[in-house]
Amino acid sequence: MPATGEASPDVVVIGAGLAGLACALDLLRAGLRVRVVEASDGVGGRMRSDHHEGFTIDRGFQVFNTSYPQVRRRLSLPDLKLRPFTAGVVVHTERGNLRFTDPTRSPRRLTELLPGRLASARDLMALGVLSARDVIGPVGPLKRAEDRTTWTALSAAGFSEEFIEQFFRPFLSGVFLEDELETSSRFFHLVWRSLGRGTLCLPASGIGAVPAQLAAGLPGDAVSLECPVDRLTDDGVLLTSGGEIAARAVVVATGPAPAASLLPGLSVPASRTVTTYYHATDGPSPLPEPILLTDSARRFLNSCVLSEVQPGYAPAGRRLIATSVLGDDQPGREALLRAALAQAYDTGTDGWELLTVRTVDDALPAMPPPQPLSRTAAVGGGRYVCGDHRTTGSVQGALASGTRAARTVLRDLTASI
């Protein structure tokens, strides 16, 4: 509750993830009084980092894409001290590990795309046409295109089934957190555009540096941590602690399940769960390059030596490897994964230390077609909702949803004066 003599906020924002922080920042800049209440002990939602035995552990493997319009608008990229991934992947196949690198970023690696290695001449031609349309062309036609599954769209674009299975399915499974390529083709094309226009990176101090920078733009007393909300009231919100906060408007900026609980009747999509295993090893890196490793056998989504991307993620002389799989951690799963990684990295993994395991529920919303690229923020009665489950599962989607919610709140509050 506000302290004695302190004015009640105009708006309460529930949740200090990217969407909630973006919404709060825009409302404050418009001159409104805003209070952000967060149930956990830090800002960022799913986008947080921990320090564990000298290692930086992101809560699930995540990457940062510099191409998103909301990122360029809201963040100081130099302050994040970003370091890039190689623009490409190493695919583990029955024929061994095959590299597939963006030739526009690394022309000297053009020979890796020679027909017969991973892609045929037909597949390379289809890839060139697809990339030119998605990356160079205007974005409007991509948003208005017929929506179907990504698998259907790739087949219609002329890619062979072999190339889809060896390249697209393993790579996109880690992007969509589903391995059937059933995600909206509209969203796929927007993702492909962002990959071609931006650079995948990691901040020096972990992915949590992104929401931390946003939160630094708020007044020190604007965010209340470890402050869970029990329910919404006619006048504002009732905290689990029993206190109440009155406000003219309430924005629910949580994940889909809490949002549906706080706003009965709200339609939310199904969500994807991902688990990331963090291993440490001494000595030489199992893959001395900042590049993603995927598996055509689909035993894992992707793996990466994070300390090759950001050396500060691991203590001197040690290497940090992150490997993600779909679903929850299960008994015996890590042992099977360790065997798969031994094949994929072509090295012994028995001596690798399992540092920690991070499972992220509601990691991404499911996005089957037809997938709306945005949903309304207004719920009615001074209630609003935002989050990537209201747009698309991405940093851009979360920030854009928070932006839309703030704009809608401002419109409604201004109209009520």
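Visitor: Is Leu177 buried or exposed?
Guide: Leu177 is buried, with a relative accessible area of 10%. Buried means under 20% relative accessible area, exposed means over 50%, and partly exposed is in between (1.4 Å probe, protein chains only).

Visitor: Where is Leu177 found?
Guide: Leu177 is in the loop between α7 and α8. Helices (H or I, at least four residues) and strands (E, at least two) are DSSP runs, numbered from the N terminus. The phi of Leu177 is near 60°, a positive value in a residue other than glycine. Leu181 is found in the loop between α7 and α8 too, and its phi is near 55°. Leu181 counts as buried, at 0% relative accessibility.

Visitor: Where do these numbers come from?
Guide: This is a predicted model, where local features need pLDDT of at least 70 and side-chain atom pairs count only at pLDDT 80 or more, while totals for chains, interfaces and linings use all residues. Residues are numbered from 1 along each chain as its sequence is written, and side-chain values use heavy atoms, with hydrogens and water left out.

Visitor: What does the protein chain average in pLDDT?
Guide: The average is 94, and 95% of the residues score at least 70. pLDDT is the predictor's confidence in each residue, from 0 to 100.

Visitor: Which residues have a pLDDT below 50?
Guide: Residues 1-5 do. Beyond near neighbours in sequence, that stretch has eight contacts in the model. Contact means heavy atoms within 4.5 Å. Where pLDDT is low, the predicted coordinates should not be read in detail.

Visitor: Back to the helices. At what angle do α7 and α8 cross?
Guide: Roughly 95°. The axes of α7 (residues 161-176) and α8 (residues 185-197) come within 12 Å. Axes are lines fitted to C-alpha atoms, for helices over the stretch in contact, and angles run from 0 to 180 degrees between N-to-C directions.

Visitor: What do you call that arrangement?
Guide: α7 and α8 are roughly perpendicular to each other. Angles under 35 degrees count as roughly parallel, over 145 as roughly antiparallel, 65 to 115 as roughly perpendicular and the rest as oblique.

Visitor: Which residues meet there?
Guide: From α7, they include Phe167, Phe168 and Phe171. From α8, they include Phe187, Phe188 and Trp192.

Visitor: How far apart are the axes of α4 and α8?
Guide: 8 Å, with helix α4 (residues 121-136) packing at about 85° to α8. That makes α4 roughly perpendicular to α8. Among the residues that meet are Leu127 and Leu130 in α4, and Phe188 and Trp192 in α8.

Visitor: New topic: sheets. What is the strand order in the sheet of six?
Guide: The order is β10-β2-β1-β14-β21-β20, in an open sheet with mixed pairing. Two strands pair if DSSP finds at least two bridges between them. β10 (223-224) and β20 (378-380) stand at the edges with a single partner strand each, so one side of each is left without a neighbour in the sheet.

Visitor: What does β1 pair with?
Guide: β1 pairs in the parallel sense with β14 (residues 249-252), over four bridges. Ile14 stands opposite Val252 in β14. β1 also pairs in the parallel sense with β2 (residues 34-37), again over four bridges. There, Val13 stands opposite Val36.

Visitor: Which way do the β1 side chains point?
Guide: Val11 and Val13 point one way from β1 (residues 11-14), Val12 and Ile14 point the other way, and all are buried. In a regular strand the side chains alternate between the two faces of the sheet.

Visitor: How many residues are in the largest nonpolar core?
Guide: 80. Val11, Val13 and Val251 are among those that touch the most other members. A nonpolar core is a set of buried Ala, Val, Leu, Ile, Met, Phe, Trp, Tyr and Cys residues joined through side-chain atoms within 4.5 Å. Helix α1 (residues 18-29) gives the largest share, eight residues. A second, separate core has 17 residues, including Cys227 and Leu262.

Visitor: Last one. Which residues does the cis peptide bond join?
Guide: Pro369 and Pro370, with omega about -5°. Pro370 lies in the loop between β19 (353-365) and β20.
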